[in-house]
Amino acid sequence: MSAPLTLYLAESGLNWFKLVVLMEELGLEYNEVILDFAKEEHKTEEYRKLNPNGRIPTLVDHSNNDEVIWESNAILKYIAERYDTEKKLLVTDEKEKANLDTWLFYQASHQGPTFGNCQWFMFYHTEKLPSAVLRFQGEIKRIFGVLNDVLSKKKWLVGNKCTIADLAFVKYNDYAIHHLLPTDFNVEREFPHLAAWHNALMDRPTIKYAFQHMDELDVGRERQHVTGVTHSEFARNATGVARRGIAAEAAKAG
Amino acid sequence: MSSPQLTLYFAESGLNYMKLMVLMEELGLSYNEVILDFAKEEHKTEEYRELNPNGRIPTLVDHSNNDEVVWESNAIMKYIAERYDTDKKLLVTDEKEKADLDTWLFYQASHQGPTFGNCQWFMFYHTERLPSAIIRFQGEIKRIFGVLNDVLSKKTWLVGNKCTIADLAFIKYNDYALRNLLPADFNVEREYPHFAAWHNRLLSRPTVQYVLKHMDELDVGRERQHVTGMTHSEFARTATGVARRGIAAQAAKDELLSTA
């Protein structure tokens, strides 16, 4: 039986993680279509009919006339508003709903682009620009500081419980702590409330599942920027769990 | 005569408050303006950060709704529209269109704002000149113009076959990019004709013309500060003409608000 939702993603993407977590939280079934960026599958005319921005993620809802949604937080809201009928991860109070929007826009406008630019200038840019890296690392810490201040007064961002607002921040925060900030950066010491909140989120079974799943799918592509190995090259040389991941992907496509 | 129902905190050099003013003008709402002096770091005070923990502008306070505070410009945009646009003049009602509206608001917030903002940063504010960083962001601006152009080659407005808050959200950064971020010989009408037609249509709305003019009057040179290198205080000391009048008006307003 085919799943009612299809999620387009790429292993190296960071924005689809929260959608998988949400769908798992709600017990939804979904197909995954993994686009190969090396083959520019995200820039084809066919894909751009779904997502004119030519990026991932994109969602297609087969139980709703194949409705297409793009922009990860718009997808997050769509899934939650349509399928979280018990409001497990949503809020109902009008003021809290406005707060939820605020945090989703903050994640989309501040965390994502800032952390993403830090990643760009650290690993992908044509030349090494230390002052650009410092700018974005500084902004990451500033944003951590904002979250830390807010979370020093409350446990969750909105509505006194975990909501899609909290889920939206997990992947980039984890990525920043592990890859973007200096190894001697001690987040528990510098931003203890942020760290406690982040760790509480990391403990959720759906989050653990999504991380494990990303690792299995990744077949080294998330590390590509470090090793410089191309997708095709990696596929040729992969062994062990990576080889099995690639084989599983090929079998699914077959 | 009653006091305005809304207060908008912003700074002249900000780009994210313009769409909120346009929306409030479109809906005929009355609002106080509180202009924060960035040179004095008025946006980083504990008092202000109780309203907006991010310490940036804009922030909205709704006095007709228990002084509810909203921050993040597109969250404010949605709040104002959903509460006050009862005729749905600039909103949509169809469920699918509502999802599309959210998509475009998130696109503006995640792509246009930060990309164009970073281009501005590396062109005018960064500690050193980094041509390859500027080229990266200029390239992204054009890519985003291309995306909008493709979409607008098939329809007149982004959502719901009419002008909505989605279209309004894009104006100021698009205008700023065309004037200040792309090379002077860049011909947007030739490169992105559908985008240009839509942008020009928006620029000719009376509310948009009013707000752009209002921003010029308020600006007192601060938006140009990065070009001249002048500090806010220096400019205030030496300003003449309309700039001087703008500063005097601001001071008079401060006095008025402080005695209210």
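How many helices and strands are there in chain A? Chain A has 12 helices and 4 strands, where helices (H or I, at least four residues) and strands (E, at least two) are DSSP runs, numbered from the N terminus.

This is a predicted model, in which local features need pLDDT of at least 70, side-chain atom pairs count only at pLDDT 80 or more, and totals for chains, interfaces and linings use all residues. Residues are numbered from 1 along each chain as its sequence is written, chains are lettered from A and ligands numbered from 1 in the order in which they are written, and side-chain values use heavy atoms, with hydrogens and water left out.

Of the 254 residues in chain A, 56% are buried (under 20% relative accessible area, 1.4 Å probe, protein chains only).

Strand β1 (residues 5-9) of chain A is largely enclosed by the rest of the structure, because 5 of its 5 residues are buried. In a regular strand, side chains alternate between the two faces of the sheet. On one side of β1(A) lie A:L5, A:L7 and A:L9, on the other A:T6 and A:Y8, all buried. The chain then passes from β1(A) through helix α1 (residues 17-25) of chain A to β2(A) in a right-handed β-α-β crossover (with the strands pointing away from the viewer, the path from the first strand over the helix to the second runs clockwise).

| Partner of β1(A) | Bridges and direction |
|---|---|
| β2(A), residues 30-34 | 5 bridges, parallel |
| β3(A), residues 58-61 | 4 bridges, antiparallel |

Within these pairings, A:L5 has A:Y30 of β2(A) as its bridge partner, and A:L7 stands opposite A:L59 in β3(A).

How values were computed:
Buried < 20%, exposed > 50% of the residue type's maximum accessible area, 1.4 Å probe, protein only. Pairing = 2+ DSSP bridges.
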